[in-house]
Amino acid sequence: MIFARDLVKRFGDFTAVKGIDVEVAPGEAFGFLGPNGAGKSSTMRMISCVSAPTSGELRILGMDPVRDGTKIRARLGVCPQLDNLDPDLSVRENLTTYARYFGLSRAEGRRRADELLEFVQLSDRAGSMVEPLSGGMKRRLTIARAMINEPDIVLLDEPTTGLDPQARHLLWERLFRLKQRGTTLVLTTHYMDEAEQLCDRLVVMDGGKIVAEGSPRSLIETYSTAEVVELRFPDGLDFNADYAAKLGGIGERVDPLPDRVLLYADDGDAAVAEVQRRGLVPSSVLVRRSTLEDVFLHLTGRTLVD
Amino acid sequence: MLTTLAARRSGRITRAGISPARVGAVIGRNVGALRSGPSYWVVLVSGFFEPLLYLLSIGVGVGALVGDLTVGGRTMSYAAFVAPAMLAVSAMSGALAETTFNVFFKIKYAKTYEAVLATPVRPMEIAFGELAWATVRGSLYTGIFLGVMVALGLASVGGALAAFPATVLVSLAFGAVGLAISTLMRGWQDFDLLTTGQFALFLFSGTFSPVHNYPAWMEVLIQVTPLYHAVELVRGLCLGTYELGLVGHAAYLIAMVTAGLWFAARRMERLLCR
């Protein structure tokens, strides 16, 4: 569905995307993970054919976005990071107007609008203007709008950023249904739980490059251990680095943070036993399974990017 | 690596031909805004009254003090002199309001066009659609305004019918230039500049007195600016003084349409398809 080879996007002196290779298969849910400024949105804009690649090869649905942009866009659904719903139009008119941009007849536009409002549970707000809607409702409407042309690929740029847990779960459930229908999903996110929920396969981007690729499970296996032990010490704020030194050799990796020390080990309980054997007395111990977040932080570092 | 070459050469997505259906959809969006609620109606209706109020206060009111006027060998009431100018002004302000305030808001704040460009619609189609809509708005104003002029005895029915197509051209010309201007706007403060410029045109373009009343240098300056040509064309047709000069005025306005559209579509592509 999507094929990119050595894809580069430059804005003046700034290179947002520094040569990435991506392949997305039909029906797949594919994720771009990365901190802010990693080049995710620039990549999405190139895939959605509104921004031309600076160099490299890009094929969407087997076509060239520079030459066949109009044809490709006709088969894409785009849900941008910031809602750009039309504030002058009612909820339903937002959908019917959008349908016209794709060349659908008025009757067909109305039919699909009503169907999609049902799908995203907004039927009772059909006549409302956009402004009074909550963030979650706006996002659902944006997703409904992205589906008005029954797209082959739906592109979602940080679909649940800023939403409350209820809204996120409803959205995930709707996206999961879309996927079950065979729609290819491509999304960016910096929420690890979202990536684990939705993505079959993902790439981690950092500084315009892809630093890792695989399924959520395989990424955890490759870049982290099965379990993580979180240790807090009473005087840890000042001495976590010293504790980390004393913990050396337990598990595969020791990561001292300002407030706690992380021990990466395949057997968490054995690691805890070893800590106690060395006579260290943490004030709290938590053994948990490794998550994508551990992979993410390991790969992209802990420093704030912006 | 055709893609690479093409991307480097043009730096933007090439456009297939203009699709009338997609231009229609861009116009349809504005009709949808009218259907969705009262706010856009308020904007639309309020824009009509300004030139009408000027016609009544200055044309008719001040006109009573001024008396008759002789221009180009023809004598007419002052109101009959001012009315065609106000007609041209209402076309200008209707089209400009649409393509500057509304289009700028859609580019900068509502991000309306970003959503539109994620569909098969191209920047050129947006430019065409918005211009067509602005022209509909301007022509709606002038249509009603001509009705008022005929009712007040300030224009003959024949004159009104002849002038109407000219007012459509005036709307097109100012609408296209307005589109180009709104792609250059940095923020609302720039609208103060635009408003001032528009008001200067409104006062001096042969609207309230014939341009040859001004010093020669000013007359020349005025003849370079756009509203002068719009006023002269519309007035000539209203009063039935057909002369070759009218063709020149029309040509000036057509040039505005072409240059404005070309520039606006290019800028929109650069602003929105980065």
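In which sense do strand 3 and strand 8 of chain A pair, and over how many bridges? Keep that in mind as we walk through this predicted model, where local features need pLDDT of at least 70, side-chain atom pairs count only at pLDDT 80 or more, and totals for chains, interfaces and linings use all residues. Residues are numbered from 1 along each chain as its sequence is written, with chains lettered from A and ligands numbered from 1 in the order in which they are written.

**Stop 1: the sheet.** Select residues 29–33 and 201–206 of chain A: these are strands 3 and 8, and they pair in the parallel sense over four bridges. (Strands are DSSP runs of E, at least two residues, and helices are runs of H or I, at least four, numbered from the N terminus; two strands pair if DSSP finds at least two bridges between them.) Click Leu33(A) and you will find its bridge partner, Val204(A), in strand 8. Now show the whole open sheet of six strands, in the order 5-6-7-3-8-9 with mixed pairing. Its edges are strand 5 (76–79) and strand 9 (209–214) of chain A.

**Stop 2: the domains.** Colour 2–221 of chain A as domain 1 and 225–289 as domain 2; such bounds come from an automatic or database domain assignment. Their C-alpha centres lie 40 Å apart.
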